[in-house]
Amino acid sequence: MGQVFTLIVLLGVLALASGAITPLGLSPQLDGRIVGGSAAAISAHPWQVSVQRSGGHFCGGSLISQTLVVTAAHCLNKSTVTVANLRVRAGSNYKSLGGTLSTVSAFKVHEAYNSSAKMYDIALVRLTTKLKLGSNINTIALASSTPQHGAAATCTGWGSTSYQGLSSAKLLYINTRIVGRTECASSSYGYGATVRATMLCAAASNKDACQGDSGGPLVSGGQLVGIVSWGRSCALPNYPGVYANVAELSAWVAQAQKTI
């Protein structure tokens with residue numbers, strides 16, 4: 001038994017050392033805060049919501065209408081997620097209290113989402129009742145064009161402070177910079193061909209989205225440009241955070257909201 005335990009611990013250490021590529025909502029550590037983040041006021045990011053399963057936060061999302069939330073496909077593409085156990089908390093700095101907690105009437109995952117290639121990592125959630133908009137709850141527009149390489153952007157969420165790291169109940173934000181898909185897939189960074197169509201990257205020194213931030217917003221120019229999707233560990237040099245590119249997926253959102 002002792003040898004088995006030692007082997008399990010060793011395998012865990014090796015996995016952490018390798019910085020495995022992980023969808024950012026699927027780690028066992030599902031709460032916490034953004035790596036290198038600062039405290040955020042929900043009134044400055046009123047579209048940010050917490051997507052919750054069976055009473056606990058597990059992904060972020062963005063409010064695009066009074067009843068629609070955009071999040072990541074990998075957050076909802078699992079048998080344990082049902083309409084009955086989903087809730088969405090809006091209008092609070094805290095993922096576990098305050099604001100408005102809404103039930104869900106339906107959700108839809110992009111039909112072409114591929115968990116291996118991580119393409120088309122987008123989903124829609126419809127709330128049962130309309131949210132009342134105000135200073136702490138408001139919508140954000142979807143980007144119609146991809147921001148330029150180097151453009152300033154902001155990411156918010158309740159994700160881990162480090163890869164599988166400590167947690168915080170309060171919303172945090174980071175300021176970051178867009179890394180275009182061509183640049184992100186180039187030899188300047190470590191991903192290569194794993195960065196594919198429908199993806200966008202962003203990077204800043206010692207700052208990144210992490211586990212529990214999945215599905216949350218990347219905002220540039222006052223528009224939703226990205227959805228937190230995946231990365232190699234969190235905040236590793238040479239490995240930007242990877243996001244679903246909203247501009248390339250907005251047509252799907254426009255169509256999907258008619259049938260959800």
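This is a predicted model: local features need pLDDT of at least 70, side-chain atom pairs count only at pLDDT 80 or more; totals for chains, interfaces and linings use all residues.
Me: To get going, how many disulfides does the count come to?
Reply: A disulfide is a covalent bond between the sulfur atoms of two cysteines. Cysteine 59 is joined to cysteine 75, cysteine 184 to cysteine 201, and cysteine 210 to cysteine 234. The count comes to 3 disulfides.

Me: And which pattern do the disulfides of the chain follow?
Reply: One link runs from cysteine 59 to cysteine 75, another from cysteine 184 to cysteine 201, and another from cysteine 210 to cysteine 234. Counting the bonded cysteines along the chain, the pattern is 1-2, 3-4, 5-6.

Me: Which parts does the pair of cysteine 59 and cysteine 75 tie together, and how many residues apart are they in sequence?
Reply: These two cysteines form a disulfide with an S to S distance of 2.0 Å. Cysteine 59 lies in strand β4 (residues 56–63) and cysteine 75 in helix α2 (residues 73–76), so the bond ties a strand to a helix. Along the sequence, those parts are apart by 16 residues.

Me: Is the disulfide of cysteine 59 and cysteine 75 left-handed or right-handed?
Reply: Look at the torsion about the S-S bond, which is about -90°. Because of that value, this disulfide is left-handed.

Me: Are cysteine 59 and cysteine 75 buried or exposed?
Reply: The cut-off to keep in mind is that buried means under 20% relative accessible area. Cysteine 59 comes out at 0%, and cysteine 75 has 0% too. So cysteine 59 is buried, and cysteine 75 is likewise buried.

Me: Where do cysteine 184 and cysteine 201 sit?
Reply: Their sulfur atoms are 2.1 Å apart, in a disulfide. With a torsion of about -90° about the S-S bond, this disulfide is left-handed. The pair links distant parts of the chain, 17 residues apart: cysteine 184 is in helix α3, and cysteine 201 is in strand β12 (residues 199–203).

Me: What about the link of cysteine 210 and cysteine 234: right-handed or left-handed?
Reply: The sulfurs of cysteine 210 and cysteine 234 are 2.1 Å apart, and both cysteines are buried. The angle about the S-S bond is 85°. That makes the link right-handed.

Me: Where do cysteine 210 and cysteine 234 lie?
Reply: This disulfide ties together parts that are 24 residues apart in sequence. Cysteine 210 lies in the loop between β12 and β13 (217–220), and cysteine 234 in the loop between β14 (223–232) and β15 (241–245).

Me: Moving on, how many salt bridges does the count come to?
Reply: Glutamate 111 meets lysine 108 side chain to side chain, at 3.3 Å from N to O. Glutamate 248 pairs with arginine 181, with the closest N and O atoms 3.0 Å apart. The count comes to 2 salt bridges.

Me: Which helices do glutamate 248 and arginine 181 lie in?
Reply: Glutamate 248 is partly exposed at 36% relative accessible area, and arginine 181 is partly exposed at 28%. Their salt bridge ties together parts that are 67 residues apart in sequence. The helices are α4 (residues 246–256) for glutamate 248 and α3 (residues 181–184) for arginine 181.

Me: Is glutamate 111 buried or exposed?
Reply: Its salt-bridge partner, lysine 108, counts as partly exposed at 24% relative accessibility. Exposed means over 50%. Glutamate 111 has a relative accessible area of 55%, so glutamate 111 is exposed.

Me: Which residue is the bridge partner of arginine 87 in β7?
Reply: Strand β6 (residues 86–90) is mostly covered, with 4 of its 5 residues buried. β6 pairs with strand β3 (residues 48–53) in the antiparallel sense over 5 bridges, and with strand β7 (residues 100–109), again antiparallel, over 4 bridges. In β7, arginine 87 has as its bridge partner threonine 103.

Methods:
Residues are numbered from 1 along each chain as its sequence is written. Side-chain values use heavy atoms; hydrogens and water are left out. A salt bridge is a side-chain nitrogen of Lys or Arg within 4 Å of a carboxyl oxygen of Asp or Glu. Buried means under 20% relative accessible area, exposed over 50%, partly exposed in between (1.4 Å probe, protein chains only). Helices (H or I, at least four residues) and strands (E, at least two) are DSSP runs, numbered from the N terminus. A disulfide is a pair of cysteine sulfur atoms within 2.5 Å. Two strands pair if DSSP finds at least two bridges between them.
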